[in-house]
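Please look through the structure below with its sequence alongside.

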Amino acid sequence: VLEIHNDKHTFLLEYVRIWETFYRLCDYIPQLFKRLEISSDGRSGNNNNALLVSKKNKCQVFRDTMLEKWKDNLLNYHKERLLDSVMELIIEEKRDHIYNAQLISSVKDAFVHLHCSRDTDKLDTYRQFERTYITKIMEYYKLQSSMTLSEISTSDYIRYVDTKLREEEDNCRRYLEFSSMKVVLETMEHHLISNQKTILLQECIKMIKDGNTADLIIMYKLLDRVNGCIDEVLKAFDSHIFKSGMTTLLTDTEVIVSDSEKYVDKFIWLYNRFSELLTDGFGDDVRFLSCRDQAFKRIINDQTIFSINIPTKSKGASKVEPESRCPELLANYCDLLLRRTNANKKLTSAEIEGRLKDMLLLLKYVQNKDVFMRYYKAHLTKRLLLDTSADQEMEENMIEWLRNMEVPAEFINKLAKMFHDMHISSDMNDLFKEARDKGTSDTINVKILSAAAWSRGSEKINVSLPSELAEYIKDIEDFYHQKYTTRKLQWNHLYSSGTITFATNFGKYDLEVTTFQMSVLFAWNLRPNDEISLDSLRIATGLNESELRKTLFSLTNNSKTKHQILLVEPIVHGFREYTRQSIFKINRDFNIVNKSGKILKRGKVVLIGRLQLAPEKGNEEENKEIADLRMLRTQEAIIKIMKMRKKLSFSQLQIELINVLRNMFFPQKTVIKDQLERLIEDNYIKRDERDLNMLIFLA
């Protein structure tokens, strides 16, 4: 019957018809024998259960025999023609879109169901269909891929491959068993992707550089199917982020290095640009997310553009290690947002909060957060002492946000203590005003600060206070000691400021000045027309020469005022140019002019600038303090770890030490070794005599 059909379509239809009929008979015919045996056994009275099982097995034997006969006599004879015919239909479907899904599926089922009960692999016969399917499909796609890639662009090729893979997944669900899908797709991926890997990777790198996310998302999904390809894409993505980011920063170095706002805006722009590429081009794949974070972290902590030099040793020949200035610039940006300025008035609370959140996003990538902490605390101190915070609630929220950033609790607690001190000081001033004459006490605002939370250094600068101010000192001390008998007050005039009235030929003006500036100006209070030398001012103010020169320069060369408070002869352009022959006098013609050019008789001038918190130091000395503090923190962390572990190898100590200190700074291996040797010399730790790499804690 089958041999008379020359047409493949008719041949397959006839084969399926005959097979389906035969397969039904394989279920019916064995039942006839079963009925005869039951009837025979009923007459003999045999009801043994074992015999029933045996008869059941006999029915299966009949069925297996029928299927084996079909396989040996019919399938094997027509197998080659059968497989060739069905494969031709599948290829025609791909080429001409002539669909015979039901017929192809029926032929596949004929192979699947052709197995005996004793076969270990029930799909053994079906495997012939599967192998032939894979071979024919691969021959087709191998030819198509070579033709397609030579005729169309890579962009069109990846869309072609993506479409064909999805089509083949659907075909596998229709024409193959589920277990075959993986084999078919892997074979297709090998021919369509792996064999073209070099070209595709080159195009993928170009897409990343061009930001062609529409093609990149398709390319990414294709390359992710092939082992090893995605690693190359990750390297290209990492390289693109770093090189692109550094190129952008190098182009705008002169602008952003001096402007923290533009610095942060540029980094946020870069971050958003890379995140958009990650989302649109790689579907927020966690592998690429981690890659972006690592590359962005390298950019933020790069020392080639914005760097400071931190010494790695505190004694002997010190070696300097360059570090990124990013923490300092981020702290400056926070101060710009939280301080009361004209620029801040244009922003709503929501906008300020959004920008602070952007800053915190960048801070997450900063490796040495201890530098940020140092500068942030310095700016906060100035804002609190000068009462220049734009929003007290935002200041306190910032502390909680920093806490959530896993900034060390010690630092956060100090910031919280600073706010607590300000509330206590406010209450103390109210009580002082109630206890003293209001006419005088209203002019004084004393801030009682905890040395542990506020102090940056123990160095004290002496200054001779004006008599009008000095008389309040004893009253304040007596009042304070009545409430707190065990506490000691230490006046820190570096933190102090005040307002004085300055009378000139044009009117009276209120000057906001530091205590040092006030002390200098009061030298003319009883002799307003005198000319005073540098040495005489040093004696009158009690300031050391360095601080006196800087204070004088802020009064003779203040860039924010059109007219200077003091006049000096000869004229200088830097505080180091003052000599013993320099003569200073009050500018009696000082005045304030409004926008229309009219001279005002009353007005206010702020000369404080950014309040100085400590004697001004050079960058080297400031950086050395950071290094010294790191060394102490490293020693402290080593002691804590060893006290808990008792015995530990150096490599394990180094790992635990990095985990402990990573939220403040990344400890260099040389620093760890240096501080460890110091602790060994001081008998806190010793080396194991049997294993010098093993360290033992000494109680």
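Which residues touch the most other members of the largest nonpolar core? They are Tyr 376, Met 398 and Leu 402, in a core of 180 residues. A nonpolar core is here a set of buried Ala, Val, Leu, Ile, Met, Phe, Trp, Tyr and Cys residues joined through side-chain atoms within 4.5 Å. Helix H2 (residues 49-96) supplies the largest share of this core, twelve residues. Another core lies apart from it and has ten residues, including Phe 432, Ile 448, Ile 476 and Leu 489. In soluble globular proteins, nonpolar side chains tend to be buried together.

The model is predicted: local features need pLDDT of at least 70, side-chain atom pairs count only at pLDDT 80 or more, and totals for chains, interfaces and linings use all residues. Residues are numbered from 1 along each chain as its sequence is written, and side-chain values use heavy atoms, with hydrogens and water left out.

The protein chain has 26 helices and 13 strands; these are DSSP runs numbered from the N terminus, helices being H or I of at least four residues and strands E of at least two. Of its 699 residues, 46% are buried, where buried means under 20% relative accessible area, exposed over 50%, and partly exposed in between (1.4 Å probe, protein chains only). Among contacts (heavy atoms within 4.5 Å) between residues at least 6 apart in sequence, 68% join residues at least 24 apart.

Leaving aside residues up to four places away in sequence, Tyr 376 touches Ala 331, Cys 334, Leu 338, Arg 383, Glu 395, Met 398, Leu 402, Phe 411 and Leu 415.

Leu 270, in helix H11 (residues 260-282), is buried, because its relative accessible area is 0%. With the same exclusion of residues up to four places away in sequence, Leu 270 touches Gly 245, Thr 248, Leu 249 and Phe 296. Leu 270 and Gly 245 are 25 residues apart in sequence, and their C-alpha atoms are 6.7 Å apart.

A polar side chain can be followed next. Ser 519 belongs to helix H21 (residues 515-521) and counts as buried because its relative accessible area is 5%. A polar atom of the Ser 519 side chain lies 2.9 Å from the backbone oxygen of Ser 464. Beyond residues up to four places away in sequence, Ser 519 touches Val 463, Ser 464 and Thr 541.

Now the loops. Glu 569 and Pro 570 are joined by a cis peptide bond, with omega about -5 degrees; Pro 570 sits in the loop between strand S6 (566-569) and strand S7 (583-586). Lys 646, a residue other than glycine, has a positive phi near 70 degrees. Lys 646 is in the loop between helix H24 (619-645) and strand S11 (647-649). Asn 683 also has a positive phi in a residue other than glycine, near 65 degrees, and is found between helix H26 (669-681) and strand S12 (685-687). Asn 683 counts as exposed because its relative accessibility is 56%, whereas Lys 646 is partly exposed at 47%.

Phe 506 lies in the loop between strand S3 (497-503) and strand S4 (508-514) and is partly exposed because its relative accessibility is 33%. On the surface, Phe 506, Val 593 and Ile 599 form a nonpolar patch with about 210 Å² of accessible area together.

Definitions and conventions: Patches are made of residues with over 30% relative accessible area and no salt bridge: like charges are joined within 9 Å, nonpolar side chains (Val, Leu, Ile, Met, Phe, Trp, Tyr) within 5 Å. Accessible areas come from the Shrake-Rupley method with a 1.4 Å probe; for residues, only the protein chains shown count as cover. A salt bridge is a side-chain nitrogen of Lys or Arg within 4 Å of a carboxyl oxygen of Asp or Glu. A polar contact is a pair of N or O atoms within 3.5 Å; within protein, one must be able to donate a hydrogen and the other to accept it, and residues adjacent in sequence count only if both atoms are side-chain atoms.
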